Amino acid sequence: MENVIIYLIIFLIGTLFGSFSTLAVHRIPLHQDITHKRSYCPKCNHKLGFWDMIPILSYIALGGKCRYCKNKIRIRYLMLEILTGTVFLLFAISINIQIYNISKIIYLMVGILYISGLIIIAGIDKENIKVSKPVLVYEITILSAYMIYLYILESINIYRYVIYLLILLALFIINTVNLKKSKKENYTIQIIILCIIQAIFTYGYGFMMTATITLLSIAITCIIRKMLKKEEQFSKKMPIAYYLCFANIITIIFINTIACRR
Ligand SMILES: [Zn+2]
């Protein structure tokens, strides 16, 4: 019974986060503040009240329309809230969460923070074909804090993390030098940084699975686009980070489920 309550709370946190991530995806590329400025309707710019910001319920209560300008709210917002809630819930189920198991609770929190970052990276990449640097730095910070915890409190050997971190540092330096020279962010370097971050969280074999799912989904998307003969869409750039992030989330849930059944 107490587990049902925990799962419900985790789902609700997920929907709240889903609602926050639509805002983050919209504002981070515009370099707008994401924590202090109130949410507003993208159509009429009216500031949203507390009752307009409750995930899922507000959407249903308002009939999918803005309270102030009566314009339709995109159903995407509702879908993203439900999807994020479900992802958080599946993640908690996959690690078979128990309240009295501290290391599982810590792993749950790190996982939720990490997956949240992936969802924002995916959203920004899908809209702009760009990997957000502040969110990459956020992910590295979360992972570094987790490594320090593992090393100090669970005496786990973290030498492979240190090697990965040094590679990441080198890539960030290359990225900065490149940015100064060409005045343009290098998408390839950003994708490699994202891959290494994912390899740190899911280990080598987990990343192999992530890469496989990513390649398969990109291939399938290409085939579908070709079949629908959407030529103009076919020449459009692929949001690689978007595919990588969702593949990584599937991998994490899959690997944890198997590891817990053993
Ligand atoms: Zn409005």
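These legends accompany several close-up views of one predicted model.

Because the model is predicted, local features need pLDDT of at least 70 and side-chain atom pairs count only at pLDDT 80 or more, while totals for chains, interfaces and linings use all residues. Residues are numbered from 1 along each chain as its sequence is written, and side-chain values use heavy atoms, with hydrogens and water left out.

**View 1. Helix α4 packs against helix α5.**
Let us start with α4 (residues 102-128) and α5 (residues 133-153), whose axes come within 9 Å and cross at roughly 165°. Helices here are DSSP runs (H or I, at least four residues; strands are E, at least two), numbered from the N terminus. Axes are lines fitted to C-alpha atoms, for helices over the stretch in contact, and angles run from 0 to 180 degrees between N-to-C directions. The pair α4 and α5 is therefore roughly antiparallel (angles under 35 degrees count as roughly parallel, over 145 as roughly antiparallel, 65 to 115 as roughly perpendicular and the rest as oblique). The crossing of α4 past α5 is left-handed (the near helix is turned anticlockwise from the far one by less than a right angle; clockwise would be right-handed). On the α4 side, the contact includes S103, I106, Y107, V110 and L113, and on the α5 side it includes V135, L136, Y138 and E139 (contact means heavy atoms within 4.5 Å). Sorted by class, this contact of α4 with α5 holds 15 nonpolar, two polar and one charged residues. For the classes, Ala, Val, Leu, Ile, Met, Phe, Trp, Tyr, Cys and Pro count as nonpolar, Asp, Glu, Lys and Arg as charged, and the others, Gly among them, as polar.

**View 2. Helix α3 meets helix α4.**
Here the axes of α3 (residues 75-94) and α4 come within 10 Å and cross at roughly 150°. That makes α3 and α4 roughly antiparallel to each other, and α3 passes α4 in a right-handed crossing. Look for R76, T84, V87, F88, F91 and A92 in α3, which meet α4 residues including Y107, L108, G111 and E127. The contact of α3 with α4 counts nine nonpolar, three polar and two charged residues.

**View 3. Helix α1 packs on helix α4.**
The axes of α1 and α4 are 10 Å apart, and the two helices pack at an angle of about 35°. The crossing of α1 past α4 is right-handed. From α1, the residues I10, F17, F20, S21, A24 and V25 meet L108, I112, S116, I119, I120, G123, I124 and E127 of α4. By class, the contact of α1 with α4 divides into 10 nonpolar, three polar and one charged.

**View 4. D52 and S39 sit in the loop between α1 and α2.**
D52 is found between α1 (2-27) and α2 (57-61). With 12% relative accessibility, D52 counts as buried (buried is under 20% relative accessible area, exposed over 50%, partly exposed in between; 1.4 Å probe, protein chains only). The D52 side chain makes a polar contact with the side chain of R67, at 2.7 Å. A polar contact is a pair of N or O atoms within 3.5 Å; within protein, one must be able to donate a hydrogen and the other to accept it, and residues adjacent in sequence count only if both atoms are side-chain atoms. Beyond its neighbours within four places in sequence, D52 is in contact with S58, L62, R67 and Y68. S39 is buried too, with a relative accessible area of 16%. Not counting residues up to four places away in sequence, S39 touches L23, R27, H46, K47, L48 and M53.

**View 5. H31 and S155 have positive phi values.**
Most residues other than glycine have a negative phi. H31, in the loop between α1 and α2, has a phi near 55°. H31 is exposed, at 71% relative accessible area. S155 lies in the loop between α5 and α6 (159-182), and its phi is about 40°. At 62% relative accessibility, S155 counts as exposed.

**View 6. R74 and C222 are partly exposed.**
R74 has its place in the loop between α2 and α3, with a relative accessible area of 45%. C222 belongs to helix α7 (residues 187-227), and its relative accessibility is 26%. Between the C-alpha atoms of C222 and M238, 16 residues apart along the chain, the separation is 9.3 Å.
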